Amino acid sequence: MTLSEDQILALAPDEASKKAGLGLANMSKWVSKGANELAIWGECQGSGSKPYQAQIDLSNIAFKCSCPSRKFPCKHGIALFLLYARQTASFTVDKQPAWVTEWLEKRAEKQEKKAAKEEAPVDEAAQAKRQLARHEKVIHGIHELQLWIKDIVRNGILSIPEKGFPWFENVAKRMVDAQAPGLANMVRQLGETNFFTEDWQQQFLEQLLKIYIVAEGYSKHHTDETPFLQDLRSWVGFTINQDELKEQSGITDTWLVLAKQSNEVDNVTTEKYWLYGLEQKKYALVLQFTVRGQGSQLSLTPGLYVQAELVFFPSVNPMRALIKRQLNTQYTGIPKGFSGWEELTGAHTEIYSRFPVQGERPYIVEQLTTVRYNNQWWLCDQSSRMVPLRNAEKSIWPILAISGGQPLNMVLIGSPAQVEVAGLWQENQYLLV
Amino acid sequence: MQSWEEVIHTAMIGTDKKILSVTNLPADLAAVQTTLSDLTGNDKEALYLQQASLLMNYKQCGLTLLQKEMAGTGIALPEEKPYCSAAAAQVLKEVLNAEAPVLLHDWLNHCNEKGQVFQPVFIPALFSKATQEKHLQELVMHCSGKRGEWISRLNENWNFYSGENPEETWQTGTQDQRRLVLKETRISDPALGLAWLQQSWATEDAAGKLGFLEVLKSGLNEADILFLESLQTEKSKKVKEEAINLLKHIPGSSLIRLYQQVLEEAVQVKKERSLMGLSSKTVLHFKLPSSIPEAVFQSGIEKMSSQKNISDDRFIIYQLISYTPPVFWEKHFQLKPVEIIDLFCKTEEGYEHTGAIGLAASRFPNPEWAAILTSDPNRLFLDLISQLPPDQQEKYLLKHFDKAGDTLMQLVAKTREEWSVNLAKTIFKYTSNKPDQYPKSYYRDIIHLIPTAVAAELNRCTPVEQYPAMTWNKTCEYLLYLLDLKKQIHQSFNQ
């Protein structure tokens, strides 16, 4: 497997690890190093008497190191991978050492055990009782939320910017108590409206209406067993048993990892992996939550293709998915995307007509150029339709530098009202922005 | 969409005071409106929220995008120079990560010398660096090729290109660009640079004038004298002082000639009798003339000594000598430089004035005088070292290192040539004992001077004491990393 340096660095848990990894990606630091089609391994001389043993499982990228670092992957793992990408020829192809074999075997064993693990018998009556109790709590919370929303529209939103953070946080906490964490997040986002922008009223109102739609929808349709209800449940904050979900058959395809976005709140890192299936032409979002200090299960590298079976969460517009099985593939190339904004807005209309509240989505759009208009940067398609670029101050210069003003195929995240560029193709090479 | 505006307007005022008008609703939604009214009854807020939700989804389902024929950003011209190799690009990445501006300068220098350009993907990082570190601008400009030239026109912070025509840049560029182009022109054609400055002088403000005078140091010559002397009528005190300062560096200026006139009278050779009058010796007598033109003092020569053991007269003579080209003494005494120094060294006052001659030899470079002056084992002439042949420079530094380590460290850090392994070892043996004074960042900033071959010798510079020895070990690791990068830069451009 060949990963670019940027792709490897994207696996690092933070900037410090990237930097430390780069510093260690130096031949002189490594006492031994080897590789075969299954794994890469190496011994790095650290401050201890014995060198640290670092290893990477290539079939399903995973790291292990004997160093005491709590970061995952540690700097030795990053450095070893970097060194392999730079100087593959310098890695011996002898038989893998016992410590590598042992680890690979353990991993395989674990996978098998996991697959064979039998579910403990479920007490269905108790489960139904718990679900009912939760539902009642949620309905009660939603009623309070509806009253709060009505108060806002009755009194007008002009004085909202003066309310401050606690005013929204109290309602969000109430939603957490009502076991509706999804609604709590939506209320928090409402409080995070940028009241210093000219159109804050529109942003605020749109978010308020989304909360209203979800709250009203759930309170009216909680008895309908349809995918529509699943969307509402998901927005309210109900989770789905992932083990059960994995038992369903999924979609096997060659998926391109379009982008990885991560953020950390209260020591919990949320990683969003945006994927695109080449045959099915489906987009997917795979989420991973990790608590600081714990290793993550999933390491997908933006720009890389993976052969995988994905099971989508039930929805009228399936997007969130989990990976049931994953294999690596040597596939490269540029997937076909939307030919322009008109085609994209058409698809978008279908999505919204099925369910009116949507999160961000990824899009591949072909032949876009950048344009400056009304003191703002826009992405312009071949028919001169334009969509404003979000966070342009950060991304516009890499886009311009790589494109030189020429139209390029781009990966975007957002909605047709505003997008940000996650990556682009330059001469068949996928570059992250 | 007018009805959406109406929704926002109602939200701002509140449903208590305003009811959402349904007259502006799109025709598609008219039928649903009745259903909504039936569903919500008399609940004004519920009705508003349902209408608004409906309109929001109607709006987002029928999104119409702005369609406009725009001129766009244009397209960058194809590159004329080749891109650097993949290996060089890889090293550049590492150099950027190392945050060592000196190594970045080194990389850019190699790239420029090879007539290559870096890949466009590096443009944002390198242009941002160049805005912070102006000394990199010229190299970044040359190594970014046509793509860089194009993108710099789109970002005013990156627009440090001087354009195709230097004269046009001089006339229309920013102050920074004008200073840069004046500096370049002064090096290639000093007379043209002077002519430009004279033409625009009356229109420049005081700060601009001061900046340009500082640039005029490049290519300073006798043709500048008239212009600089004319600046004594300037309003700005700083501009006048800078003009005088420049005149003090031109041997033919009237100021230097005035100093020489005073010295001709003040420093005389006299014969003294000794040994009961049986023999005589030639010595120098230092005595200021009774009247000294006021212009001498107006030019910045101090009248009073700040040290008790040095008389005012001696101090004035010292200053005048320091601004007089050493060749003056050859004419004045009709002697060779070595004989003149001998003459000065015969008396205590004369010996002290050789220090001033040293200063003069650095202001008016003269290798012959520099060689004679630096042969004095008791004096250290830092400013003259650069005039010595390279092999002599190092010998001179090594000879004085034990006595004046810190002073010499300042000098060696400013040299342009890479140190020899021997010099580097001497320096490290000195600096490794002072880890607080010479931390890791110190070596990072002078890495261009450190020869890569010294990597094998670093352990031999380990101090005896425990604390500095521990720190040195860590510094060595960092130094090895930087030296390896430096080696890679060189190799990647010479494959």
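Predicted model: local features only at pLDDT ≥ 70, side-chain atom pairs only at ≥ 80, totals over all residues.

User: Which residue takes a positive phi in the hairpin of E6(A) and E7(A)?

Analyst: Five residues lie between the strands of this hairpin. A positive phi near 55 degrees is taken there by Lys281(A).

User: What is the bridge partner of Val257(A) in E6(A)?

Analyst: E6(A) also pairs with strand E5 (residues 251–265) of chain A, in the antiparallel sense and over 10 bridges. The hairpin of E5(A) and E6(A) has two residues between the strands, and Asp266(A) takes a positive phi near 50 degrees in that hairpin. In E6(A), Val257(A) has as its bridge partner Leu275(A).

User: How far apart do the C-alpha centres of domain 1 and domain 3 of chain A lie?

Analyst: Chain A is divided into domain 1 (5–116), domain 2 (124–236), domain 3 (242–328) and domain 4 (341–432). Domain 1 of chain A brings nine residues to its contact with domain 3 of chain A, which brings 11 residues. On the domain 1 side, these residues are five nonpolar, three polar and one charged. The C-alpha centres of domain 1 and domain 3 of chain A lie apart by 23 Å.

User: Which element gives the most residues to the side of chain A that touches chain B?

Analyst: The contact involves 49 residues of chain A and 44 residues of chain B. Elements of chain A that give two or more residues to it include helix H5 (124–155), helix H8 (200–221), helix H11 (341–354) and strand E12 (385–388). By class, the chain A side has 25 nonpolar, 16 polar and eight charged residues. With seven residues, the element that gives the most is H8(A).

User: Which residue of E1(B) is the bridge partner of Met386(A)?

Analyst: Strand pairing also links the two chains: E12(A) pairs with strand E1 (residues 66–67) of chain B in the antiparallel sense, over two bridges. The bridge partner of Met386(A) in E1(B) is Leu66(B).

User: Is H11(A) roughly parallel or roughly antiparallel to H3(B)?

Analyst: The axes of H11(A) and helix H3 (residues 44–61) of chain B come within 8 Å. Thr349(A), Tyr352(A) and Ser353(A) of H11(A) make the contact with Asn57(B), Gln60(B) and Cys61(B) of H3(B), a set with two nonpolar, four polar and no charged residues. The axes cross at roughly 160 degrees, and angles over 145 count as roughly antiparallel. The relation of H11(A) to H3(B) is therefore roughly antiparallel.

User: Why does H4(B) count as roughly antiparallel to H26(B), and what is the handedness of the crossing?

Analyst: In chain B, the axes of helix H4 (residues 86–98) and helix H26 (residues 466–493) come within 9 Å and cross at roughly 155 degrees. H4(B) is roughly antiparallel to H26(B) because of that angle. Among the residues that meet are Ala87(B), Val91(B) and Val95(B) in H4(B) and Leu482(B), Leu485(B) and Ile489(B) in H26(B), and the contact divides into nine nonpolar, two polar and one charged. As for the handedness, the crossing of H4(B) past H26(B) is left-handed.

Definitions and conventions: Residues numbered from 1 in each chain as written. Chains lettered and ligands numbered in written order. Pairing = 2+ DSSP bridges. Helix = DSSP H or I, 4+ residues; strand = E, 2+ residues; numbered from the N terminus. Contact = placed C-beta atoms within 7 Å. Nonpolar A, V, L, I, M, F, W, Y, C, P; charged D, E, K, R; others polar. Domains from an automatic or database assignment. Axes fitted to C-alpha atoms, helices over the stretch in contact; angles between N-to-C directions. Parallel < 35°, antiparallel > 145°, perpendicular 65-115°, else oblique. Left-handed = near helix turned anticlockwise from the far one by under 90°.
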